[in-house]
Structures are given as C-alpha cells and as structure tokens.
Amino acid sequence: MPRRALAAAVTALVLPLSACGSGGDDSGSTDASGKVEGDITFQTWNLRANFKPYFEGLVADFEKKYPGTNVKWVDQPAEGYADKISADAAGGTLPDVVNVSPDLVAPLAKAGLALDLDKAAAKYKDEYLPGAWASHEIPGMEGTYAFPWYLNTGPLFYNKSLFEEAGLDASKPPKTYDELFDDALELADKSDGKVATLANVPTIEDFGRYGVELMNKEGTAFAFNDAKGVELLTRYKELYDAKALDPQALTATPESSGKKFLTGAVAMNPGSALDLGNFKKQAPSLYKNIGITDQITSTGKVNMYVMGVMVNAQTKQKPAAVAFAHFVTDAQNQMSFAKQVAIFPSTAGSLDDPYFTEEDGTDETRVRIAAAGSLKNAVNYTPVLFSEQMKTELRNSVAKALQGKVSPKGALDNAVKACDRLLQQQG
C-alpha cells in the first residue's frame, strides 16, 4: 500500500469555480431511506494492484446481500487523484461512492456534492470511533461528509541505551512535549551535542498535539500563531540551539531521519514494523535496545491519519450508495481488510480484537499492538482545509525561526498570514 495513500498526504483539491456551490443540501435530498437497488459506481484510490481479490469479493458479497444491486468498481492511480475528482465534480461525473481523505472531501462538501451522513446515515454513527467519525467534519459547516474507513498512526521508537547513557530512565520515555524537551536537553548536554533526540521540525500535527488551537471555529482563519503556538516553536528553537534537534532537521526526509536513528545520532524516531526488520539486519545492537512508545502529545490524544468513503449527494441511487458505503466500512469488512495490510479499523470495538492486543513474538505484531492501543481515542489534528502549499509555508517559516532569521512569533504570524491567503483562494 503506498505510504502516500495511507498518510492521506495529497495535494489540496480546489474545485473549479463552475462546481462551487453554496454548500449543504436541502433536507429532502439527504433522505437515504427506500429500497436498496440499482446500479452504482464505487471508486477507490490506488488499491487495485494489491487488493483486487478483496474488493471483487466485497462487491460480490454486497450484491448477494442486496439482490437487484449492481456495483461497478473503478480504481484510480495515486498520481493526479485530486485532479481526477475535481474534473469529475466539475463535469457532473463523480461516482456514487468515492474513496476520499478529509482534505479531499472538504471542497466537495462546500460545493454540495458530499452527502451529510449526520442526516442521511445517523443510525450508523455509534458503530465508529468518535475521533474517526468526526474526522470528516468541515469547519464552518454542520454535518459529517464521509464514513470513516481505515486508520493509521505511528508509534515512536527510542534508543534505550542512549537514554541510559544520559542517566535517564529508559523504562519511562517522554510522553508529553514538556517531558520530551527536558529529556532532549539532557541527552544533548550529556553527549556534548553528539546525540539529538529528534530529527524533524514541528509540523501542524505537533502544534495540534501540543494543544494549540489550529483554526477558528468557523474555518475562516488559522490560529496557530497564538501564545501556545509561539511557546512550542520557542522550545524547538532551544532544542535546535542546543543540538538536541538534529542540525539537518530543516532538510530532513523520513529516510535521512531513519539513517540518523540507525547510527545512534538520534534518540527517537517514528517508524513501522518494516523499520524494526531493517534494524534487526543492519543494526543488531540498536534492535536489542529498541523501545516502543506512543507519539508525544500534551493533549492525551495521538494523531490519526484517516481514509473515508463519501457518498455523492447527487447520486440517483441514494439508498444503495449509502448502504454500500456503510458495507465497505462496517466492522467485519474493515477487520478483514486490516488483516491484509498494515492499517487499522475505524469501527468501535475492533481494536480490542486479539489481532491488535495479543503478542506473538513477531516485530510486526509488536508494532501493531503499540499503534492500535493509541488509536482508540486518537484524533485527526491536520485541519481538513490545510493544503500541501500551507504545509510548505509553515515549514519554511519554522526553518527561519530555528535559524534565528525571525522570531518564533514573527515566523508564525507570517505562516498564518500566508495560509489565510491560500484559504481565501480555496473559497
């Protein structure tokens, strides 16, 4: 499964003006009652190559359960997916049921093309984790605009021996940002600046996990330049100056950060079961000293990445489209999908399954259990209106603050101003 699809890291979708609408439907158009029958089209995002038998089975099971239905499954490549949805929305050819991420659903909801499930499918809401259901809400609008589908999150790896060498308790890794900053300064000090704790600059998710209010409630302006946001960036600047944040963090990629962790130059790094396998082969001494802990958070909730299944508000077969979107994302079908690929179900109770709770001695299970435990009350911190361009603006501003070219407050003011301008262009 492509990392890009799993992380929902896509370019922001901006609907052509011809598709812009006032948003929301009239109450009549959200009625999904009636007989489940007719022909519908279901579109996925880069899943056919690896999961063709799963989806063909899913469609066959649905058609068997509801005689008189016919589901045409189409799959689009990862590259250009946002543009494809945009073109279909503008041309009136959007499929009945569409695989989306929250940032893709936002402009469709604003244009009145995504069905409000709080009206059309409220009876299903309690089947899902609250944070997952809420992930397809749009600031400034009432409603929820996609069924939550599969989730992902990443635990943090840490090097126990580096913690011990600095006199820190390796059995108690940092959980909050305050604990992280204290430990990081200690590690840098004890190693004379040779060991950094982190290799990445703060992202919008870090601001969210620190407890910063990212946007106003209306969804019309960003707010991460408040006192709490400035406090977070100021602390990161302290780390950077003390070499507790790797000097190359400004240009780091996940691959380069991973190499630093592998060689013992960095004490903590996000990762997956695949990474554990690499450590075993390439760095056996690190592998023996690996600790696994939750993402750092000062809110008590980690970040989740979420995929969704949206119903086209203009579908001619509303009962069938809603029934199928729910079928794809129900507990049984999500569990079956999660056993084929390293993702997690968004349905309530599914993460209590032995598959996500019982160790079997393998690295894959060790990481899966650690991630599953943190997902039950996770939230999607990335604002649905926060585009790739906005991420770049924030990253550039953060880099200037860390280098001392502008104050943390000035940097975040600049980032918010740039992001607000991009937000107005989306409207």
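F224 reaches well beyond its own stretch of chain. Leaving aside neighbours within four places in sequence, F224 is in contact (heavy atoms within 4.5 Å) with I204, F207, V212, E213, L214, G229, F386, L394, L412, A415, V416 and C419. This is a predicted model: local features need pLDDT of at least 70, side-chain atom pairs count only at pLDDT 80 or more, and totals for chains, interfaces and linings use all residues. Residues are numbered from 1 along each chain as its sequence is written, and side-chain values use heavy atoms, with hydrogens and water left out.

**Cores.** A nonpolar core is a set of buried Ala, Val, Leu, Ile, Met, Phe, Trp, Tyr and Cys residues joined through side-chain atoms within 4.5 Å. Buried means under 20% relative accessible area, exposed over 50%, and partly exposed in between (1.4 Å probe, protein chains only). The largest core holds 128 residues, and F55 and F224 touch the most other members. Helix α14 (residues 318-328) gives the most to this core: eight residues. Another core lies apart from it, with nine residues, among them F261, Y287, I290 and V367.

**Whole chain.** Helices (H or I, at least four residues) and strands (E, at least two) are DSSP runs, numbered from the N terminus. The radius of gyration is taken over C-alpha atoms, and the globule rule is 2.2 Å times the number of residues to the power 0.38.

| Property of the chain | Value |
|---|---|
| Secondary structure | 18 helices and eight strands |
| Radius of gyration | 22 Å |
| Box filled by C-alpha atoms, along the principal axes | roughly 70 × 50 × 35 Å |
| Buried, of 427 residues | 54% |

A compact globule with 427 residues would have a radius of gyration near 22 Å, so the chain agrees. Among contacts between residues at least 6 apart in sequence, 77% join residues at least 24 apart.

**V74.** V74 sits in strand β2 (residues 69-76). Is V74 buried or exposed? With a relative accessible area of 19%, V74 counts as buried. Beyond neighbours within four places in sequence, V74 is in contact with T41, F42, Q43, T44 and R48. A199 is 125 residues from V74 along the chain, and their C-alpha atoms are separated by 40 Å.

**Lining residues.** The lining of the second largest pocket divides into ten nonpolar residues, six polar and three charged. Here Ala, Val, Leu, Ile, Met, Phe, Trp, Tyr, Cys and Pro count as nonpolar, Asp, Glu, Lys and Arg as charged, and the others, Gly among them, as polar. On a 1 Å grid over the protein atoms alone, a pocket is an open set of points where a 1.4 Å probe fits, with protein on both sides within 12 Å along at least five of seven lines; lining residues have an atom within 4 Å of a point.
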